Amino acid sequence: MIDAIQSIGAFSAMKEAEGTSLTSSSALVTPAAGFAVPQSQSFAEVLGNMTTDVIQSMKSAEGVSLQAVRGEANTREVVDAVMNAEQSLQTALAIRDKLVTAYLEIARMQI
């Protein structure tokens, strides 16, 4: 049931493979001290990783729930997994709502 959501990640990967990514990541920068600064992620990559983590959390909770139905997991494990998935989903929804609000504010700006 959660597998349908993975098409979002596949679409993003396909667009990046085609070279139509909206952002480009910067190369490694080496300061004069000789320390390498790690490569920064684009905003789209961060959101994509977050989405993947939420999907994985929900799949894990679903798997533990099914194990409990078969009698292979105890109630505590199920509650922990489901609460973790719920927290991840609520965080993702809050970020989505903030992004939509920011987009609408930018759309209303006068040029």
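Colleagues, the structure before you is a predicted model, in which local features need pLDDT of at least 70 and side-chain atom pairs count only at pLDDT 80 or more, while totals for chains, interfaces and linings use all residues. Residues are numbered from 1 along each chain as its sequence is written, and side-chain values use heavy atoms, with hydrogens and water left out.

I begin with the overall composition. The protein has three helices and zero strands, where helices (H or I, at least four residues) and strands (E, at least two) are DSSP runs numbered from the N terminus. Read from the N terminus, the order of elements is therefore α-α-α. Of the 111 residues, 12% count as buried; buried means under 20% relative accessible area, exposed over 50%, and partly exposed in between, with a 1.4 Å probe and protein chains only. Taking contacts between residues at least 6 apart in sequence, 50% join residues at least 24 apart, a contact being heavy atoms within 4.5 Å.

Let me turn to helix α2. This helix covers residues 43-69, 27 residues in total, and reaches 39 Å from its first C-alpha to its last, close to the 39 Å expected at 1.5 Å a residue. The expected span is 1.5 Å times one less than the number of residues in the helix. Its buried residues are V54, I55, S57, A61 and V64. What covers them includes α3, residues 75-108. Just after α2, G71 adopts a positive phi of about 85 degrees.

Next comes helix α3. Its 34 residues should span 50 Å at 1.5 Å a residue, and the end C-alpha atoms, 49 Å apart, agree with that. Buried in α3 are V78, A81, A85, S88 and A92, and the buried residues of this helix pack against α2.

How do α2 and α3 meet, and at what angle do their axes cross? The two axes come within 8 Å and cross at roughly 155 degrees; axes here are lines fitted to C-alpha atoms, for helices over the stretch in contact, and angles run from 0 to 180 degrees between N-to-C directions. That makes α2 roughly antiparallel to α3, since angles under 35 degrees count as roughly parallel, over 145 as roughly antiparallel, 65 to 115 as roughly perpendicular and the rest as oblique. On the α2 side, the contact is made by F43, L47, M50, V54, S57, M58, A61, V64, S65 and A68.

Which residues form the largest nonpolar core? There are six: A61, V64, A73, V78, A81 and A85. A nonpolar core is a set of buried Ala, Val, Leu, Ile, Met, Phe, Trp, Tyr and Cys residues joined through side-chain atoms within 4.5 Å. The elements giving two or more residues to this core are α2 and α3, and the largest share, three residues, comes from α3. Within this picture, A61 is in contact with A81, V82 and A85, leaving aside its neighbours within four places in sequence. In soluble globular proteins, nonpolar side chains tend to be buried together.

N84 lies in helix α3 and is partly exposed, with a relative accessible area of 43%. N84 and V54 are 30 residues apart in sequence and 9.5 Å apart in space, C-alpha to C-alpha. Q90, also found in α3, counts as partly exposed at 45% relative accessibility. Q56, by contrast, belongs to α2 and counts as exposed at 52% relative accessibility. Its C-alpha atom is 8.7 Å from that of A85, 29 residues apart along the chain.
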